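Please have a look at the sequence and the structure shown here. The paragraphs that follow lead through them step by step.

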Amino acid sequence: MSTQTATAAITTPKPPADHARPVHFRIWRGDKDTGAFVEYTVNVTEGMVLLDCVHRIQAEQASDLACRWNCKAGKCGSCSAEINGKPSLMCMTRMDTLPPDKVVTVEPMRSFPLIRDLVTDVSWNFRVKKTIKPFKPRKPDNADGSWTMFQQDIDRVQEFRKCIECFLCQDVCHVIRDHHKEDEFIGPRFLMYTAALEMHPLDTEDRVGDLKNRDGIGYCNITKCCTKVCPEHIGITDNAIIPMKERVVDEFYDPITRLFRIFKGKK
Amino acid sequence: MTRSPIPLPQVRGFLQTQRTDYWWVTPILVLLGLGSFVIYSTWAAFQGCNYFIGGIDQPGVQRLLSPFYSPVLWDPTGINSGHAWFGQLPGWWPSFIPFSPALLILPFPAGFRFTCYYYRGAYYKAFWGDPVSCAVGEPGFRGGNYRGEQKFPLIMQNIHRYFLYAAVLFIGLLAWDGIASLQHYNADGTRSFGLSVGSLILIINPIFLSLYTFGCHCMRHFVGGNHDCLSCSMDGGNAYRKVTWLNQRHMLFAWISLFGVAFTDIYVRLCANGTWTDLRIL
C-alpha cells in the first residue's frame, strides 16, 4: 500500500474567525487496496473536538471523505480512529488536548480491514460475540418469577456494561494488531463480555473451559493497552481479564484448588 | 464457529508508530529500574557476607538482618550472625556449589515478582518488546509465532499463587526481623531494647511489602474474586473491597516495596562493612 503524502487540491479554508487557529491534519484516504495521507488545514475554535474538524473538512474541502459517526457524545462507539497513533474516539478528543503546533494524524483503526478512508469493517467482532455462551440464569428465587440479588454483587458486572463497543481495545491489543491471532483469540472486549456473564450472580453457565481452550485468554500478556484506550475507563485488564485468568488457573492449573472444588462440588 | 481471519494490509515494523507522545519513557524507566534491581540483588545474593550487624560481638549495636538473607537457614563457614536457624553450613553441602544464605531465600520473592501480573505487563514491554508500547510496532521475528502465556514457557506464570503463599510467609518472617531489630546485645551477653534508624527501616520494609503483597491479583481472587456472590461471603465482601483498594495501587506499591527492600539491604550492607554507622535513637 502506498504511504506517500498528498496535498488536497481544495485546501483553502475560510479566513480565521476571532480566536481561531489553523491546525494542519494528515488524514488517511483510500480503500482496501491503496491509500495515502492527505493534508488539510482547518481553522479550529474553542470547544471543538476532532470530529468537528473532520466534519468541517467534509463540508468545505473533501465532501467524499468517509467517516463513521453517530452520537458525537462518546456513547455510540462509532467514530473510533487512531489520532496521533493512539486509538481514540474522534468525538471525545478535544482539540485543545492535542499539541497546538504539530500536524494531527488521523488514521482508521489498524486492526480491522479498511472499507474507505476512516471507516473500517468491524464485523469480525460481532461474529465473535455470537460464539460466546449466552446468559443462563438460575431458577427464579421468588414465586412471581423474579430473583433477589444485592447491589454489591452486581457492581462488578455493571462496570462492564458501560462498554460502548467502540472496539478501540480490540484495535490496540497487540495479539490481534501485531500477531493476527484473531482466529484463536477473542480480544479484550469479548474477554470482558465473557467476564460480565461469568461473574453474574444469577448465571449458571460455565465458560471457563472456553476461555482457555477456544478463546485464547492465555494469549493476553497483560500489557493493559486495552484499559488505557478505553473511553469508558473500564478496568478491562484488572477487573475482567485477570479475574478470568485466575478462574482458569482454578480449574486447570492449580491442583489444590481443583481438589477443593471436587469436595465442594462447584460447577 | 467460524471466525474468518481479517485481512490487514497495514503491518508496521519494529518501533514504527504514529504516536507523537513520549511513549518510550515508561519502558526505559522500567528497563532501568528493574534491570538495576536484578543486577544489584544478584550481586548482593552472591556476597555471602555483610548481611547483618549487631551480633553478640557488637554490643550496643541494634540487631539488623538484610531482607535478602532472611531467614538465614545456615551461616557460611566462619560467620556467626546469630540469626541462623540451623547454625553453620553443614559438611554435606557440596563444595563445588557456592553458598550464600540468600541463594536459598531469594528465589521465592523473586518468583513472586517475576510472575506478578503487574510486573509481567511491565517487563514484557521493557525487556522483550511484546509490545514495546501500546500501538507501537513489535520486532518482526515473533509475528504469527506468538505464544503469549497460552503455551510453554510462559504458561508457567500460572504458578503465581504458589509464590503468593511463600510471600505471605516471608512478610511474617521480615516482620519478626523488624521486631528483633529493636534489640541489641550488651557487653555481658544479655539483650536490651533499643531503637535505631536501621530498626525503623527494618520495620517499615515489611509494611511496604505487605501493601504490595496483599494487593496481589491472586489475593483479590481468593478473598472474593472467585465467587459470583460477594454478599454471600462471611465478611460480606469487606476483605474483597480492601484488597481491591490495594490492588488499584498495585503498581505504586510494587515499585515502593522493590526499592524499599533494596534500600534495606544496602543500608545493612553499608553498616556492616563500616561505611555507615547505624544511628541509635533510643
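Where in chain B does B:Pro71 lie? The model is a predicted one, and in it B:Pro71 sits in the loop between strand S2 (64-65) and helix H2 (107-114) of chain B. Its bond to the preceding residue deserves a look. B:Ser70 and B:Pro71 are joined by a cis peptide bond, with omega about 0 degrees. Most peptide bonds are trans. A cis bond is also found from B:Phe152 to B:Pro153, where omega is near 10 degrees. B:Pro153 belongs to the loop between H3 and H4 of chain B.

The loop between helix H3 (117-128) and helix H4 (160-180) of chain B also holds B:Ile155. Is B:Ile155 buried or partly exposed? B:Ile155 has 14 C-beta neighbours inside 10 Å, so it counts as partly exposed. Leaving aside residues up to four places away in sequence, B:Ile155 touches B:Glu149 and B:Gln150, and also A:Gly218 of the other chain. B:Ile155 is 116 residues from B:Ile39 in sequence, and the two C-alpha atoms are 25 Å apart in space.

Chain B as a whole contains eight helices and four strands. Along the sequence these follow the pattern α-β-β-α-α-α-β-β-α-α-α-α. The C-alpha atoms of chain B fill a box of roughly 80 × 50 × 45 Å along the principal axes. Of the 282 residues in chain B, 37% are buried. Among contacts in chain B with a separation of 6 or more, 71% are between residues 24 or more positions apart.

Chain A can be described in the same terms. Chain A has ten helices and eight strands, and its C-alpha trace spans about 75 × 40 × 30 Å along the principal axes. Of the 267 residues in chain A, 45% are buried. For contacts in chain A with a separation of 6 or more, residues 24 or more positions apart account for 65%.

How is chain A divided into domains? Domain 1 covers residues 5-120 and domain 2 covers residues 123-264. The C-alpha centres of the two domains of chain A are 33 Å apart. Where the domains touch, 14 residues of domain 1 are in contact with 13 residues of domain 2. On the domain 1 side, S5(A) gives the most, with four residues. That side has six nonpolar, five polar and three charged residues.

Most residues other than glycine have a negative phi. A:Phe167, which is not a glycine, has a positive phi of about 65 degrees. A:Phe167 lies in the loop between H3 and helix H4 (168-172) of chain A, and counts as buried because it has 23 C-beta neighbours inside 10 Å. In A:Ile222 phi is near 60 degrees, again a positive value in a residue other than glycine. The place of A:Ile222 is the loop between helix H7 (208-213) and H8 of chain A. With 25 C-beta neighbours inside 10 Å, A:Ile222 counts as buried.

The next topic is helix packing. Two packed helices are described by the angle between their axes and the distance between the axes. In chain A, helix H6 (residues 187-198) packs on helix H9 (residues 236-253) at an angle of about 70 degrees, with the axes 9 Å apart. H6(A) and H9(A) are therefore roughly perpendicular to each other. The crossing of H6(A) past H9(A) is left-handed. Residues of H6(A) in this contact include A:Leu191, A:Met192 and A:Ala195, and those of H9(A) include A:Ile241 and A:Met244. By class, the contact residues are nine nonpolar, one polar and one charged.

H9(A) also packs on a helix of chain B. H9(A) and helix H6 (residues 217-225) of chain B meet at an angle of about 75 degrees, with axes 10 Å apart, which makes H9(A) roughly perpendicular to H6(B). In this contact A:Ile242, A:Pro243 and A:Glu246 meet B:His217, B:Cys218, B:His221 and B:Gly225.

How many residues does each chain bring to the contact between them? Chain A brings 54 residues and chain B brings 42 residues. On the side of chain A that touches chain B, the largest share, eight residues, comes from H9(A). By class, that side of chain A has 21 nonpolar, 14 polar and 19 charged residues.

How values were computed
Residues are numbered from 1 along each chain as its sequence is written. Chains are lettered from A and ligands numbered from 1 in the order in which they are written. This is a predicted model: local features need pLDDT of at least 70, side-chain atom pairs count only at pLDDT 80 or more; totals for chains, interfaces and linings use all residues. Axes are lines fitted to C-alpha atoms, for helices over the stretch in contact, and angles run from 0 to 180 degrees between N-to-C directions. Helices (H or I, at least four residues) and strands (E, at least two) are DSSP runs, numbered from the N terminus. Angles under 35 degrees count as roughly parallel, over 145 as roughly antiparallel, 65 to 115 as roughly perpendicular and the rest as oblique. A crossing is left-handed if the near helix is turned anticlockwise from the far one by less than a right angle, and right-handed if clockwise. Two residues are in contact if their C-beta atoms, placed from the backbone, lie within 7 Å. Ala, Val, Leu, Ile, Met, Phe, Trp, Tyr, Cys and Pro count as nonpolar, Asp, Glu, Lys and Arg as charged, and the others, Gly among them, as polar. Domain bounds come from an automatic or database domain assignment. A residue is buried if 20 or more other C-beta atoms lie within 10 Å of its own, exposed if 12 or fewer, and partly exposed in between; C-beta atoms are placed from the backbone.
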